[in-house]
Amino acid sequence: DSPLGSDTYLEIVEYINDILFTDLCFDLSDFERFVIAATGAGQYPSGITWSELKSFVADYIMEGVNYYFPSLGQSNGLMEEDWADAGYVCEGLTADKQYRF
């Protein structure tokens with residue numbers, strides 16, 4: 001696997017943002033901070049490979065879904081009341097209720 005490069009990386013993550021992150025109440029900037037932290041690169045993550053990006057997207061989504069829809073007895077994450085207060089839409093979630101890695 002070769003590094004994606006800036007243009008390809010940007011094109012792919014914008015697409016992922018449009019088809020996944022927006023509907024799942026995820027923030028693209030937060031995802032990029034997640035990738036930077038996961039790689040330890042400390043810089044824009046355009047040097048990652050396609051395989052790495054797929055893995056990072058899967059991990060980020062799993063963590064976010066577990067936050068938004070925690071298992072019974074899980075102490076961190078949103079409660080049903082939080083979703084009701086938000087009108088069951090992402091835009092209704094206050095900043096402190098939105099997933100951040």
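This is a predicted model: local features need pLDDT of at least 70, side-chain atom pairs count only at pLDDT 80 or more; totals for chains, interfaces and linings use all residues.
Student: What makes α1 roughly parallel to α3?

Tutor: Helix α1 (residues 6-21) and helix α3 (residues 50-68) pack at an angle of about 25 degrees, and their axes are 12 Å apart. Angles under 35 degrees count as roughly parallel, so α1 is described as roughly parallel to α3.

Student: Which residues make the contact of α1 with α3?

Tutor: On the α1 side they are Y9, I12, V13, I16, L20 and F21, and on the α3 side W50, L53, V57, Y60 and I61. By class, this contact has 11 nonpolar residues, with no polar and no charged ones.

Student: At what angle do α2 and α3 pack, and what is the handedness of their crossing?

Tutor: Helices α2 and α3 pack at an angle of about 120 degrees, with their axes 10 Å apart. The crossing of α2 and α3 is right-handed.

Student: Which residues of α2 and α3 meet?

Tutor: D30, F31, F34, V35, A38 and T39 in α2 meet L53, F56, V57, D59, Y60 and E63 in α3. This contact divides into 8 nonpolar, 1 polar and 3 charged residues.

Student: How do you know that the span of helix α2 agrees with its 12 residues?

Tutor: Helix α2 (residues 28-39) should span 16 Å at 1.5 Å a residue, and its end C-alpha atoms are 17 Å apart, so the two values agree.

Student: Which residues of α2 are buried, and against what do they pack?

Tutor: The buried residues in α2 are L28, D30, F31, E32, F34 and V35. They pack against α1 and α3.

Student: Is C25 buried or exposed, and how do you know?

Tutor: C25 has a relative accessible area of 12%. Buried means under 20%, so C25 is buried.

Student: Where is Y88 found, and what is its phi?

Tutor: Y88 is found in the segment after α4 (80-85). Y88 has a positive phi of about 60 degrees and is not a glycine.

Student: Why does Y88 count as exposed?

Tutor: The relative accessibility of Y88 is 54%. Exposed means over 50%, so Y88 counts as exposed.

Technical notes
Residues are numbered from 1 along each chain as its sequence is written. Side-chain values use heavy atoms; hydrogens and water are left out. Axes are lines fitted to C-alpha atoms, for helices over the stretch in contact, and angles run from 0 to 180 degrees between N-to-C directions. Helices (H or I, at least four residues) and strands (E, at least two) are DSSP runs, numbered from the N terminus. Angles under 35 degrees count as roughly parallel, over 145 as roughly antiparallel, 65 to 115 as roughly perpendicular and the rest as oblique. Contact means heavy atoms within 4.5 Å. Ala, Val, Leu, Ile, Met, Phe, Trp, Tyr, Cys and Pro count as nonpolar, Asp, Glu, Lys and Arg as charged, and the others, Gly among them, as polar. The expected span of a helix is 1.5 Å times one less than its number of residues. Buried means under 20% relative accessible area, exposed over 50%, partly exposed in between (1.4 Å probe, protein chains only). A crossing is left-handed if the near helix is turned anticlockwise from the far one by less than a right angle, and right-handed if clockwise.
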